[in-house]
Amino acid sequence: MRQYLARARALRGWRIVLPLAVFFFLGTNALLGVRTYAAGARHARIDLTQMTRATSVIPLQLVTPAMAQNIGPGSHLIIDIPGAGTFGCTANFVWAAGSVSFLGAAGHCFLPEGTTATHGPGANYDASAVQVSVCVSNCSFGGQTGFILTGDMVVLGEVAYARQTAADGDIGNDFGIVAIPTSLASLIRPSEPVFGGPTTIAEVQVGQPVCHYGNGVIVGETFLTMGRIGVGGGSNAKYWFGELIAAPGDSGSAVLTCVADAGGLHGVGAAGVLTHLSVEVGVSQHGLVFGTTTTRAIEMALEAGLSLAVVFP
């Protein structure tokens, strides 16, 4: 399993008051109880403005088909927002609207703090100058003396849509997409690393296994793998929640419902987008994690006139 050691800015913690077992007991009524906790959740993107950047941008003619596995769910995104800084997030699903392909993330990955959206009610930000790069090969990050990012990057197209959760904790309204240039179409990989899938759209159910692959980091700790498994707590029309190991940098990652067989856990349902953490987590410590449901993300994109569909492998 791939290991990495990283130092990054830690989120200010938000203490869990009720264990997940309580949610199992309450069933779907648990969603009423987590609204209070969701209101205090924190964005899960990581601020990379002070990092040492050792990446290189590959000319398109040098990108080989073998690198196609690196543009899709789980890809490491570096977002430069003018006047705000540089941030790290994780891509979720590959999306399509007509003949145009997009890569998804959390909406707050593409927006500076204090702004609302690029389209729709309250839209107050023009994201045309935001540059989104995706690591396609030799990706590595971390370091004991600072956050060092290495790898071969390609630059994606314009941010086509983004909306982030309001300051009052309006969980479930956090989603964004960036266009994938047609010149990079051969590099698209719609399958989830480690777990595979998805094959359909699904909802997070209480007690259901969920899995995700993210690029989150924790100060002075090591994840044994970026593919992680958790337990679903439930969902409604807008947001899902569950107990997962997650950290800053996991924002935007795809959350799948999983099934187990003799070969291990496999991703099946495209359940949603990871957007918020409720605690400052450690490697051996699970915390409540929240995000936007896939169906809500599709609904949100209509604000930009986009009729999105998840691209299945």
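Predicted model: local features only at pLDDT ≥ 70, side-chain atom pairs only at ≥ 80, totals over all residues.
A residue is called buried here when its relative accessible area is under 20%. The chain's secondary structure comes to three helices and 21 strands. Here is a quick tour, starting with the chain and moving on to some local details.

**The chain overall**
- Take the contacts between residues at least 6 apart in sequence: 72% of them join residues at least 24 apart.

**Two disulfides**
- Searching the whole structure turns up two disulfides.
- One of them joins Cys89 to Cys109, with an S to S distance of 2.1 Å.
- The torsion about the S-S bond of Cys89 and Cys109 is about -95 degrees, so this disulfide is left-handed.
- Cys89 sits in strand β6 (residues 85–90), while Cys109 is in the loop between β8 (100–105) and β9 (131–142); the pair links distant parts of the chain, 20 residues apart.
- Cys89 and Cys109 are both buried.
- Cys211 and Cys258 also form a disulfide, with their sulfur atoms 1.8 Å apart.
- For Cys211 and Cys258, the S-S torsion is about -65 degrees, so that disulfide is left-handed.
- Cys211 belongs to strand β14 (residues 209–213) and Cys258 to strand β18 (residues 254–261), so the pair ties together parts that are 47 residues apart in sequence.
- Cys211 and Cys258 are both buried.

**The loop between β12 and β13**
- As background, most residues other than glycine have a negative phi, and most peptide bonds are trans.
- Gly197 and Pro198 are joined by a cis peptide bond, with omega about 0 degrees.
- You will find Pro198 in the loop between β12 (175–180) and β13 (200–201).
- Val194 is also placed in the loop between β12 and β13.
- Although Val194 is not a glycine, its phi is positive, at about 70 degrees.
- Val194 counts as exposed because its relative accessibility is 59%, and the cut-off for exposed is over 50%.

**One side of helix α3**
- Helix α3 spans residues 294–301, and its buried residues include Thr294, Arg296, Ala297, Met300 and Ala301.
- These residues cover an arc of only 155 degrees around the axis, which puts them on the same side of α3.
- An α-helix has 3.6 residues a turn, so residues three or four places apart point the same way.

Note on methods:
Residues numbered from 1 in each chain as written. Heavy atoms only, no water. Buried < 20%, exposed > 50% of the residue type's maximum accessible area, 1.4 Å probe, protein only. Helix = DSSP H or I, 4+ residues; strand = E, 2+ residues; numbered from the N terminus. Arc of directions from axis to C-beta. Contact = heavy atoms within 4.5 Å. Disulfide = S-S within 2.5 Å.
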